[in-house]
Amino acid sequence: MEMKDYPAGEYFVQRNILDELGLDEVAQKGTWSTKPTPGERVKESLRCSASRVKHTALSWVPVLGWLPQYSFRENAIGDLISGCSVGIMHLPQGMAYALLASLRPVFGLYTSLYPVLVYFLFGTSRHISIGTFAVISIMIGSVTERLGPDSDFIGNGTNGTESVNFDERDAYRVQIACSLTLLAGIFQLLLGVVRFGFVVTYLSEPLVRGYTTGSACHVCVSQLKYLFGITPARFTGPLSLIYVIAATIITHFGGLTSKYSIDVVGEIPSGLKAPRVPDATLFSNVIGDAFAVAIVGYAINISLGKTFALKHGYKVDSNQELVALGLSNTVGSFFQCYAVTSSLSRSLVQESTGGKTQVAGVISSVIVLITILKIGALFEDLPKAVLSTIVFVNLKGMFKQFLDVPMLWKTNKVDLLVWLVTFTSTILLNLDLGLAVSVGFSMLTVIFRTQLPRYSILGHMPGTGLYLDTDTYKEAKEIPGIKIFRSSTTIYYANAEMYLEALQEKSGIEIGKLLTAKKKQDAKLKRIQKKEKKKAKKEAKKEPEVKEGKVSAEPRGPSQGNGVSLRLTETSTNDPNKGQVNRAYQHDTTMSDSDSDAGCHTYDSISHVSHHSDKGKGRACGSGTHSIILDISATSFVDTVTVKTLKNIFRDFGEIDLDIYLAGCQACVVEQLETAGFFSESIPKSRLFVTVHDAVLHILHKLGQTDFILDVSCTTQM
């Protein structure tokens, strides 16, 4: 490559045309691998040293890395103020969100204590506030009410009336919540240990925001009974939100309640309860819900954690966050806590009031602990309607997400569709089914996008080495005889067939029809050859003096009927399977009308290159195309279907004398093609070029079109 002094905004590059073999030689492609072998990895994992033990301890227990270096002068005051502020928020939110989980308020306080301390040890985010959260609470509540409905605890009351045994019901619901939390924590732990933190990437931002908005609607509806002081019948499953709403309206405005007593928080026992193992027999009933809680909780947690990390310039380990959240839930389940995640409102307060580390979380836990031990009784007469209003206020941020709809309408309608489908399915199908439908629909949009990419024919920008979509750029002109075809996405089994169809449509070459016409032409040629052989034999018998193997070269006139000259017979007497049949497509002017019509329908020679090349090959009739370049720079991997499709393209188009070339192939894709046995004598590596420009120059040089090569200048203006 030669670099010279040029005016600003211009550059000059002079190099040889590079195909894949040339690139390997020039760039000195190596076969070595920098990755350790499986044996070396196993050896390394079993090796024990002081530095390795230290590194492992710091990666699994991050607090050991940052706490010894904690700066009291810089962080203590901010963490103290932040911890007190968040601790005060924990009290009403913990009790209010416990109602969403259909548990007594005191269990919300427990959930605001133990998991926070566990996250302090194992978490990597400095600013998020772990504890109760509305979405997770309502997901827990849907399970506790489904498995522990009031109807299962109706007994005989005083005066022969039936009443619900609330103590027994609440105790069973706590068992359900703890079992679900333990199983969700186990799921998170396992995913974190196997480094599966990337699983949350399948939950796109529109999906998460639509899901949380739909969940906020469920939360609001669940609080109507406390806000209006009524006790409507509970519904679960699909359309349960609609039935609740209807029951609340009928009960309240129909005057069905005869006694308007104010429901209060009730007894908050002082002191901490001893740990208890959750009931594992309930696992089979909550396994699906536990997985949904694990994924949603982690998605909310990591999205908030990465937001604050980006703002303050530090890194959050997604896999360690899974472990930290899993341990918080697992340990918490033994202390009658339910599933936790980070709260947006508390996290914003923790960050905005000066919190710098998770020491703020420890301080907030101390405030919750003091409340449970000493001043919990002060909250016993707090009306549940007040807690409901707290819930409504904290949902303000979620309801602001409705503003996503007009924004997505302007920016990305596919993401808008994901948002709306997620929101609607969450509302109508409940939280668990709604999440499953949402994820499935989101994945389908990805599949459809790869199945329906943009296919383009590229043209050359004069004076540059650029090749652009001719439908988009007016100045991009197709090079005569060369079709450059590009797909905007990876070619794989789901879109390989459509890729072939688009290639034929865009290039104007219907390979199926042309191959059928070729077969008919071959059959006609064989019939003519047979007739000529019979004729020659008859003439040989009549004229024994003619030397063996010689045939008269006198042309026949039109009166002989078949209208094909003997020249065609002589050039086609070779075995058609040895590649000599191409000349048969160049029809003699003495052919009959029917023969010439068939020939024009199938193949014709390219007039604009015939004077440059002496090959005389037949080309697709009317198209003038002799070469096709497939730009596969967007392809990041190939599967067996892709390899078969490309092989078929080389074979089928080659049969009608169209040369196929590949351009822009990534190194990893070349390796995959080699492994799949793609390259052969019929498809050599010399058909694979570094860029489209290299392929074009190679084709023009091969055809001897030096005048056009000179027009494709190597000097490029930027």
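UniProt positions are given here in the numbering of this chain, and such annotations may be inferred rather than shown by experiment. With that in mind, the unreviewed UniProt entry lists residues 97–122, 176–198, 240–262, 282–301, 361–379 and 423–448 under "transmembrane region". The structure itself is a predicted model, and two of these spans can be looked at in it. Residues 361–379 come out as 79% helix and 0% strand, with 22 Å between the end C-alpha atoms. The span 423–448 is 100% helix and 0% strand, and its end C-alpha atoms sit 21 Å apart.

Helix α19 covers residues 413–451, and Thr 445 is part of it. Thr 445 has a relative accessible area of 11%, so it counts as buried, the cut-off being under 20%. Setting aside neighbours within four places in sequence, Thr 445 touches Val 414 and Val 418.

Now to the sheet. Six strands line up as β7-β6-β8-β11-β12-β13 in an open sheet with mixed pairing. Its edges are β7 (467–469) and β13 (688–689), each of which pairs on one side only. Within the sheet, β11 (residues 627–631) has a parallel partner in β8 (residues 482–487), the two being joined by five bridges. Here Arg 486 stands opposite Asp 631 of β11. Strand β12 (residues 659–663) also pairs with β11 in the parallel sense, again over five bridges. Along this pairing, Ser 627 faces Asp 659 of β12, while Ile 628 is set opposite Ile 660.

How many residues of β11 are buried? Five of its five are, which leaves the strand mostly covered. In a regular strand, side chains alternate between the two faces of the sheet. In β11, both faces are covered: Ser 627, Ile 629 and Asp 631 are buried on one side, and Ile 628 and Leu 630 are buried on the other.

Helix α25 lies across both β11 and β12, and runs at about 150° to β12. Arg 651 is partly exposed at 47% relative accessible area, whereas Asp 652, at 15%, is buried.

Side chains of opposite charge can pair when their charged atoms come close. The model holds 19 salt bridges in all. One of them links Asp 150 to Arg 169, with 2.8 Å between the closest N and O atoms. Asp 150 belongs to the loop between α8 (134–147) and β3 (154–156) and Arg 169 to helix α9 (residues 166–193), so this bridge ties together parts 19 residues apart in sequence. Asp 150 is partly exposed at 26% relative accessibility, while Arg 169 is buried at 12%.

Another bridge joins Lys 311 and Glu 351, at 2.9 Å from N to O. What does this pair tie together? Lys 311 sits in helix α12 (residues 283–312) and Glu 351 in helix α14 (residues 344–352), so the bridge connects parts that are 40 residues apart in sequence. Lys 311 is exposed, with a relative accessible area of 59%, but Glu 351 is buried at 14%.

How values were computed:
Residues are numbered from 1 along each chain as its sequence is written. This is a predicted model: local features need pLDDT of at least 70, side-chain atom pairs count only at pLDDT 80 or more; totals for chains, interfaces and linings use all residues. Side-chain values use heavy atoms; hydrogens and water are left out. Helices (H or I, at least four residues) and strands (E, at least two) are DSSP runs, numbered from the N terminus. Buried means under 20% relative accessible area, exposed over 50%, partly exposed in between (1.4 Å probe, protein chains only). Contact means heavy atoms within 4.5 Å. Two strands pair if DSSP finds at least two bridges between them. Axes are lines fitted to C-alpha atoms, for helices over the stretch in contact, and angles run from 0 to 180 degrees between N-to-C directions. A salt bridge is a side-chain nitrogen of Lys or Arg within 4 Å of a carboxyl oxygen of Asp or Glu.
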